[in-house]
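Please look over the sequence and the structure below.

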Amino acid sequence: MPDIHAEQSQENVRMCVTTMVNGCVRAITVEPRMTLLDALRDELAFTGPKKACDRGECGACTVLIEGRRALSCMTLAAMHDGQQITTIEGLERDGQLHPVQQAFIERDGFQCGFCTCGQIMSVVAMIEEAKAGWPSAATSDVTRPFTVADLSAAEIRERMSGNLCRCSCYPNIVDAVAEVTRRS
């Protein structure tokens, strides 16, 4: 017969996780199975990452972990002790929008705005990936170095394919990305 008391005590297990979120050290106590998305929203009150599909299919919960894009609904908060996490709330600097945020406004890259935070976080990471020379499935010649200038509409669509927009703002999102890459 299983020990009921042991099962009950395991249900109450919590652990301290200390991360750097948007440039500020944050210490929270979470259950080991709490997702990063739930920790960000429920424990730290960052509402930018959205809880939509809750299974890694839509990209609305995209954040940066150590500078790389990640679906916060698919990773546990406990896995990121000591790591740097950036949400949409951490992009602006001194009251100035991030260039990607500004381009989304100028190019009307959103309608309802629900997916916008995840889209923008994905674009920020995508640009850094391109700067690092990472090819994609749409890259025609992987033998030559990839640059930001190589971010064609096809490349942008491929690299953003993990972020869904229910309002179908895809042409405007591609225009916003193209605009911000022209400026950089």
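Within the largest nonpolar core, which has 29 residues, the members that touch the most others are Val-100, Phe-104, Ile-120, Val-123, Met-126, Leu-151 and Ile-156. A nonpolar core here is a set of buried Ala, Val, Leu, Ile, Met, Phe, Trp, Tyr and Cys residues joined through side-chain atoms within 4.5 Å, and buried means under 20% relative accessible area with a 1.4 Å probe and protein chains only. This is a predicted model, in which local features need pLDDT of at least 70 and side-chain atom pairs count only at pLDDT 80 or more, while totals for chains, interfaces and linings use all residues. Residues are numbered from 1 along each chain as its sequence is written, and side-chain values use heavy atoms, with hydrogens and water left out.

- A second, separate core has 14 residues, among them Val-21, Ile-28, Ala-39 and Phe-46.

**Helix 2**
- Leu-36, Leu-37, Asp-38, Ala-39 and Leu-40 are buried in helix 2 (residues 36-43).
- The buried residues of this helix pack against strand 1, strand 2 (24-30), strand 3 (62-65) and strand 5 (84-86), contact meaning heavy atoms within 4.5 Å.

**Thr-19**
- Thr-19 lies in strand 1 (residues 15-21) and counts as buried because its relative accessibility is 8%.

Terms used: Helix = DSSP H or I, 4+ residues; strand = E, 2+ residues; numbered from the N terminus. Buried < 20%, exposed > 50% of the residue type's maximum accessible area, 1.4 Å probe, protein only.
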